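Thanks for coming, everyone. I'd like to walk through one structure with you, so please have it open on your screens.

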Amino acid sequence: MSVKGLHKIIYPFAPDQSGAAAVLYELGCMIIICDAGGCAGNVCGFDEPRWLRTKSAVFSAGLRDMDAILGRDDLMIEKIVRASDKIDAKFVAIIGTPVPATIATDYKALRRMAEKRIGLPVITVDSNGALWYDSGIEKTYLECFSRFASDAAAGEVIPRSAGVIGVTPLDSDSLTAGKRITDDLTASGTEKVICYGAGSSFEDFADAARMEKNIVVAASGLKAARYLRDRFGTPYECSDPLIEDIRRGIPLSTEDLEGKKILIIHQQVRANALREVLLKEAAGLRDKPQITAATWFMLDDELSEDGDLRIREESDFFELIGNGSWDIIIADGSFRRAAGDFGGKFIDLPHFAVSGHFAGEESVRFYT
Amino acid sequence: MIREPYSISIRELNEAGADNIPQELIPATQLIYSSPATLAFNSPGATGFGVKRAGLAVPDSVMLLVAPGCCGRNTKLLSEIQGYEDRFFFLLMDESDIVNGDHLARVPDAVREVVDYLDVKPSVVMICATCVDALLGTDWDRVCRKAEEISGVPVRPCYMYALTREGRKPPMVLVRKAVYSLLEPARRDPRTVNILGYFSPLTDDCELYDLLRQAGVRKINEISRCGDYESYLGMSKANFNIVLNHEARTAADDLAKRLNIPYLELTRLYQTDKIANQYNAFAGSIGASFDDSVYRERAERTVSEFRDRFGSISITVGEMLNANAFELSLALVKYGFRVPEIYSNVSREDYVYIRHLAEISPETRLFTNLSPTMLCYDCSRSDADLTIGKDAEYYHPDCPNVPWNEEKQPFGYSGVTKLFEKMTEALA
């Protein structure tokens, strides 16, 4: 029995504050990472591949020990006020880290105080660094839609329009994912595509009610899609518009699938989409493959099939690999070492939130 | 979107004085811009030799990072560096651990599990602690003692407490103390010297090695050149320590107190006349004499050849480099170049250079990497021919650049020579 929380081989994944920042990065807001410096460094230097290419107002609150011990929220707000005097921002986002989590910061009070002093809308995301990126994405989408989506826009639905929720670099195979999704949907008849968090603006969130439907491409977008359905009646579907591209990168022929026991590890929507494509291909085979989807991240019951599972501990992963008698594992390449003496075929399916790498080694990081 | 980046001339900065450094230059008073330099220095585990990598300076050591997952995320980068692949382990805190500290009860068992997992017992398990435990007030010495009892190997804490970066003993000071904490009293060897300060060695051609040999030193220890734990323990025999980085002063004080090894400090400089003065003073203090003429002549020849070839060019200087930005700028101006802009944090200690720089280049402007207003820095307003420092390159992406942040550390005349060689390569 391994010690709870002990990782001997698998490195920690992108945390919730990185997920929050990923949604907000292009929205023209001031992003304040409520930390001492390390978390902002991790977001910009490692988890945010756009940082090298596109400037965004991502700041560390620069907290010091006495700020945290004495709960000097007013001091942080003064810093934000001073910066906002010099920078034009549409709103301010304060993103939590382990420091405010430890001292139990009251985010509601912080938001109210900040809005009063700054005169701009302020959102807060109570990320804590102990959860993975998808939690931060989920909270941030929900916060943005609930604060900014306008009721006035409801009733003016744009025909053949789609909002795409869940496109961030952390879940993507490259920085072009948003554009490729837009191109694909446009080619198939959608006239207006908004990828929230990738190439979208603050105003697009305000107009969310005008979308004819929403497409959820990662499980972290589900809660926001359900919120928009409940508030505006906007239907949603879960799919991965890039799955054909992804399939082309998987070096397996249809014949290779015959009778195989396959494990796919990724975020749930992508793992499901890949399973669906492979099963469709294998429809004509005499001995169909058995495919299980597993994820370290959110596992939504509605999207799950029997046997699908969420991995929580490294020891669970070892057990899953060791006892599963898999023929093929499709997962981020950084799990290969943890798969130990797995004797089947291991196929790389990059997941930036896991390895910090895109497919094809695009150079995206400042820290090297 | 933005207006102007904050900047101040060196003349104004000097006139304000060390006691009145403008608020815009003081980290605690403002949000901190995510520039490359702040990402590096404000984030103690992030890049280069931050706390995590530095903590593994002891040969054959491993590290257990005890933290929420976010603190270990960018450690993935270090795992991609040769020699670090199998040396990091993580005990991840969950949401309740952050508040109630339950993770501490798991540390000793986690250390034992790590030790049992390894084929070869590590020399020491370094526990890397983070902001959560800084706030919880964790007594790491106690936790490490317990872990040591259970695992049978030495266990030491190193503190990646970003919250204390501007405190009396910031993380990079304490980690230097931690990595020498395993040294035990030993019989002194009068011909052995330790060089403290960096986690990678001086460049092989650094004249300091030769000068020490001229003084009769036979063994020069640097932690990064210790191939195994036995060699590391041999550092206990040093007759004296040479501190090349002020962040190692606390470690040197500790060694002076525990092992009775005295120390002296040398500063990395790029002004050849000052290097000469420093070596003279150093030789005097140890009762020796050095002949450094060959090295000095070579350095000055390299500078003069560069100036003859490229003229009095304009060079901007960052702080993410193996130099003090102000001292290097002062040296460059003294050598006949223009330094229109410096991108750097500023401290009281820098005024020793700022005062001189104000006399010979008062209009040089200081931009601070910290300021949120740097978001609107516009490189087209600057006339740089060359930039030095990785952060300077960020602001001038199309300008020739010398990063000057290699791991092997430049020092003395050989540092000057190598820098100008690199500058020549960048412009050739």
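Let me start with a strand pair. A:His7 stands opposite B:Phe90, a residue of β4(B). Keep in mind that this is a predicted model.

β1(A) and β4 of chain B, residues 88–92, run antiparallel and are joined by two bridges. Now look along the sheet. There are five strands, in the order β1(A)-β4(B)-β3(B)-β5(B)-β6(B). The sheet is open, and its pairing is mixed.

α7 of chain B, residues 103–117, packs against α9(B) at an angle of about 35 degrees. The axes of α7(B) and α9(B) are 9 Å apart. The crossing of α7(B) past α9(B) is right-handed. Who makes the contact? From α7(B) come B:Leu104, B:Val107, B:Pro108, B:Val111, B:Arg112 and B:Val115. From α9(B) come B:Val143, B:Lys146, B:Ala147, B:Ile150 and B:Ser151. By class, the contact of α7(B) with α9(B) has eight nonpolar residues, one polar and two charged.

Next, the interface between the chains. Chain B puts in 59 residues and chain A 56. On the chain B side, several elements supply at least two residues each, among them β2 (32–33), α2 (36–41), β4 and α8 (131–136). Which element of chain B gives the most to the side that touches chain A? It is α7(B), with seven residues. So much for the elements; what about residue classes? The side of chain B that touches chain A has 34 nonpolar, 15 polar and ten charged residues.

β3 of chain A, residues 58–60, pairs with β2(B) in the antiparallel sense, over two bridges. Find A:Ser60 on your screens: the bridge partner of A:Ser60 in β2(B) is B:Ile32.

Now chain A on its own. Chain A has 14 helices and 14 strands. Its C-alpha atoms fill a box of roughly 70 × 55 × 35 Å along the principal axes. The radius of gyration of chain A is 21 Å, which agrees with the value near 21 Å for a compact globule of 368 residues.

Chain A is divided into three domains: domain 1 is 16–133, domain 2 is 151–238 and domain 3 is 243–356. The C-alpha centres of domain 1 and domain 2 of chain A lie 25 Å apart. Between those two domains, 14 residues of domain 1 of chain A are in contact with ten of domain 2 of chain A. Helix α1 of chain A, residues 16–24, gives the most to the domain 1 side, with four residues.

Chain A also has an open sheet of five strands. The order is β12-β11-β10-β13-β14 in chain A, and the pairing is parallel. At the edges are β12 (309–310) and β14 (345–348) of chain A, each pairing on one side only. Inside that sheet, five bridges join β10 (261–265) to β11 (290–295) of chain A. One bridge pair is A:Lys261 with A:Gln290 of β11(A). Helix α12 of chain A, residues 268–281, packs on this sheet and touches β10, β11 and β13 (328–331) of chain A. The direction of α12 makes about 170 degrees with that of β11(A).

Last, chain B as a whole. Chain B has 19 helices and 15 strands. Its domain assignment gives domain 1 as 7–30 + 294–427, domain 2 as 51–170 and domain 3 as 192–266. The centres of domain 1 and domain 3 of chain B are 29 Å apart, taken over C-alpha atoms. Ten residues of domain 1 of chain B are in contact with ten of domain 3 of chain B. On the domain 1 side, the largest share is four residues, from helix α19 of chain B, residues 412–427.

That's my tour. Over to you.

Methods: Residues numbered from 1 in each chain as written. Chains lettered and ligands numbered in written order. Predicted model: local features only at pLDDT ≥ 70, side-chain atom pairs only at ≥ 80, totals over all residues. Pairing = 2+ DSSP bridges. Axes fitted to C-alpha atoms, helices over the stretch in contact; angles between N-to-C directions. Left-handed = near helix turned anticlockwise from the far one by under 90°. Contact = placed C-beta atoms within 7 Å. Nonpolar A, V, L, I, M, F, W, Y, C, P; charged D, E, K, R; others polar. Domains from an automatic or database assignment. Rg over C-alpha atoms; globule rule 2.2 N^0.38 Å.
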